[in-house]
Amino acid sequence: MPVLDGLDEIPESARRGAVRALNHAIGADHPIVVTCRTAEYADVITDGAPTLHRAPVVQIVPVPAADVIGYLSQVDWPDGTAWEAVYADVRAQPQGPVASALSTPLMLALARMVYQRLGGDPGDLLDATRFDCRHAVEDHLTDRVIDAAYAPDRLPSGNPVHQTPARWTARQARPWLTFLAIYLHRYRERDLAWWRLSQRLLSPWVAPGIGIGGGIALMSGISAGIAAANTNANTEDAIPLDEALTVAAAVGGTFTIFAIVIWYAGAGRAPGRLSFAIRGSLGRLRRGFATGAALIAVPAVPVLLVAAGAIQVSDGWSFTVIQTYIEALAAVTALAVVVAVALAVHNWLDAPPTSAAQASPEGFLRQDRRSSWVAAAVGERSWLFSRLRRSPPP
């Protein structure tokens, strides 16, 4: 029997469409289990979900005191962790702070984890000066969850179980988890789309800074290398200073442009995954090729047009100028084709949304890295092929 967990977590704009699709898919003969928060479920089935409207509903109610005591009584607690006073308070005050807090499965499970792994006296929860309401008890248990999650497993006697040391400690994990919680709260999200972190949190000047800094570093390195080569070379073999500066500026400028374009083009892009799916190949190839060609054409075409205007106004079109301009146009065209082919292959091999796979952050990164390497290899082969075609025969 299929289980759709978290209908309320679908964006509200798409929730009613999802329910209509469910009604069409399951009909009257196919059973399904749908979980949802009460308010969202009541809203979504009103006048729009006849099949779900007729379906039986199981609503979770507060956990009664007897079940709270029965659940906690079955646990092997560490020495010194006694719940008798809490049991008495839960029986005597079913609406009290402790009983109200432990009336949800989540808080009941957290109470078990916290006191089973960290020990301590649960009777402290009865201190009316510290825990005067349900929220105070819940905040206390929630504050200790990270310490409990990273605490070593313990025997019923309270002694820690011998095991391999954990990679992280609670002290190390707390600031990272706190940061992620604040981030999700700030953007009102329940799922961590970690590939959007850099786009949202880094300054928009990071990409220009990296591009310009890397370009200057490349220019300096190439200039220093040429200068060192000229020092050890004969006068006839030495590279003129203006040519050296031109080469260094071209390499550094190209790196700067590519770094900035690639940064902004990939900002917020979901990780890719290689998939040799034949269906829809032509469309994916076409979209990838158009995107790659546009990445080069958008910045290059205005530069070529401005250069053509400047030549027309100044010295005019001599044979040498025309030859140089055609070479520049050919270089830009070749670069556009190389990038377009690389992105076309990358987009073609990228798994379509209908291709499911087991998901994990490490798996996402590994698949995305593999997909990027394939696209880079295709681009390199295309560039080498274009260079061989342009090179004169020996």
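Predicted model: local features only at pLDDT ≥ 70, side-chain atom pairs only at ≥ 80, totals over all residues.

Biologist: Let's begin with the whole chain. How many helices and strands does its secondary structure come to?

Modeller: The chain has 394 residues, of which 27% count as buried. Among contacts between residues at least 6 apart in sequence, 74% join residues at least 24 apart. The secondary structure comes to 16 helices and two strands.

Biologist: Now to helix α7. How far apart are its end C-alpha atoms, and why does that agree with its number of residues?

Modeller: Helix α7 covers residues 105-118, which is 14 residues. At 1.5 Å a residue, a helix of that kind should span 20 Å. The agreement is there because the end C-alpha atoms of α7 are apart by 20 Å.

Biologist: Which elements do the buried residues of α7 pack against?

Modeller: The buried residues in α7 are Met107, Leu108, Leu110, Ala111, Val114, Tyr115 and Arg117. Just after the helix, Gly119 takes a positive phi of about 70°. As for the packing, the partners of those buried residues are α4 (65-73), α6 (97-101), α8 (134-143) and α9 (145-149).

Biologist: Which element gives the largest share of the largest nonpolar core?

Modeller: That core has 27 residues, and Leu72, Trp83, Val98, Leu102, Tyr115, Val137 and Leu141 touch the most other members. Two or more residues come from each of α4, α5 (84-92), α6, α7, α8 and α9. The largest share, six residues, is given by α7.

Biologist: And how many residues are in the second, separate core?

Modeller: Among its members are Leu7, Val19, Tyr41 and Val44. The number of residues in this second core is six.

Biologist: Back to Trp83. Is the ring pair of Trp83 and Tyr115 stacked or edge-to-face?

Modeller: A pair of aromatic rings is described by the distance of the centres and the angle of the planes. Here the centres of Trp83 and Tyr115 are 5.4 Å apart, and the planes are at 80°. Planes over 60 degrees apart count as edge-to-face, so the pair of Trp83 and Tyr115 is edge-to-face.

Biologist: How many residues apart are the two partners of that pair?

Modeller: Both Trp83 and Tyr115 are buried. Trp83 is in the loop between α4 and α5, while Tyr115 is in helix α7. The pair links distant parts of the chain, and the two are apart by 32 residues.

Biologist: Which residues form one aromatic cluster with Trp83 and Tyr115?

Modeller: Leaving aside neighbours within four places in sequence, Trp83 is in contact with Leu72, Trp77, Ala111, Tyr115 and Pro122. A search of the whole structure finds five aromatic pairs. Trp83 and Tyr115 share one aromatic cluster with Trp77 and Tyr87.

Biologist: Next, His140. Is it buried or exposed?

Modeller: His140 sits in helix α8. Not counting residues up to four places away in sequence, His140 touches Tyr115, Leu125, Arg130 and Phe131. The relative accessibility of His140 is 19%, and the cut-off is under 20%, so His140 counts as buried.

Biologist: How far apart in space are Leu125 and His140, C-alpha to C-alpha?

Modeller: Leu125 lies in the loop between α7 and α8, and is buried with a relative accessible area of 2%. Beyond four places in sequence, Leu125 touches Val98, Tyr115, Phe131, Val137 and His140. Leu125 and His140 are 15 residues apart in sequence, and their C-alpha distance is 8.8 Å.

Biologist: What about Ser100: which residue's backbone oxygen lies 2.8 Å from a polar atom of its side chain?

Modeller: Ser100 lies in helix α6 and is buried, with a relative accessible area of 13%. Not counting residues up to four places away in sequence, Ser100 touches Pro94, Gln95 and Arg134. The backbone oxygen at 2.8 Å from the side chain of Ser100 belongs to Gly96.

Definitions and conventions. Residues numbered from 1 in each chain as written. Heavy atoms only, no water. Helix = DSSP H or I, 4+ residues; strand = E, 2+ residues; numbered from the N terminus. Expected span 1.5 Å × (residues − 1). Buried < 20%, exposed > 50% of the residue type's maximum accessible area, 1.4 Å probe, protein only. Contact = heavy atoms within 4.5 Å. Core = buried A, V, L, I, M, F, W, Y, C linked by side-chain atoms within 4.5 Å. Polar contact = N/O pair within 3.5 Å; in protein donor to acceptor, adjacent residues only side chain to side chain. Phe/Tyr/Trp six-rings, centres within 6.5 Å; stacked < 30°, edge-to-face > 60°.
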